[in-house]
Amino acid sequence: ETGDSVARALINDAVMELATLVRACSRESGLVDETDRPLGRGPVGVMVAGGLASPGSPIVPALEAALAPARYRVRPLVVEPAEGALALARRGRGFL
């Protein structure tokens, strides 16, 4: 049980750091104002990828809880990054 509490603490610390980075990048990119209020329509989309973002992982729900749901929408990546980039390129969309 000690290992479980240590693992939970590590995950919590990592999620808090990730949430801080998401908010900072969103501000720097002009997606939110200084109070994290989205400047566009609706919440800012945050895609999470990698093994720790797989179904059943504690990362996605913890990040959702750490970020204000009305301001950020956290979703796990459902396609490979290269496939998503190709789809966006075919539609003529840019990237942030």
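Biologist: Why is R23 called partly exposed?

Modeller: R23 has a relative accessibility of 21%. Buried means under 20% relative accessible area, exposed means over 50%, and partly exposed is in between, with a 1.4 Å probe and protein chains only. The value for R23 is in between, so R23 counts as partly exposed. This is a predicted model, in which local features need pLDDT of at least 70 and side-chain atom pairs count only at pLDDT 80 or more, while totals for chains, interfaces and linings use all residues. Residues are numbered from 1 along each chain as its sequence is written, and side-chain values use heavy atoms, with hydrogens and water left out.

Biologist: What makes R23 and D36 a salt bridge?

Modeller: A salt bridge is a side-chain nitrogen of Lys or Arg within 4 Å of a carboxyl oxygen of Asp or Glu. The closest N and O atoms of R23 and D36 are 3.9 Å apart, so the pair meets the rule. R23 lies in helix α1 (residues 2-28) and D36 in the loop between α1 and β1 (44-48), 13 residues apart. Helices (H or I, at least four residues) and strands (E, at least two) are DSSP runs, numbered from the N terminus.

Biologist: Is D36 buried or exposed?

Modeller: D36 has a relative accessible area of 9%, which is under 20%, so D36 is buried.

Biologist: What is the N to O distance between R27 and D36?

Modeller: The distance is 3.1 Å, within 4 Å, so R27 and D36 also form a salt bridge. R27 is partly exposed, at 36% relative accessibility.

Biologist: How do you know that E64 and R75 form a salt bridge?

Modeller: Their side chains meet at 3.8 Å, N to O, and this is within 4 Å, so the label applies. E64 belongs to helix α2 (residues 59-66) and R75 to strand β2 (residues 72-76), 11 residues apart. E64, at 32% relative accessibility, is partly exposed, and R75, at 39%, is partly exposed as well.

Biologist: Why is V78 called exposed?

Modeller: V78 has a relative accessible area of 76%, which is over 50%, so V78 is exposed. V78 is in the loop between β2 and α3 (81-90).
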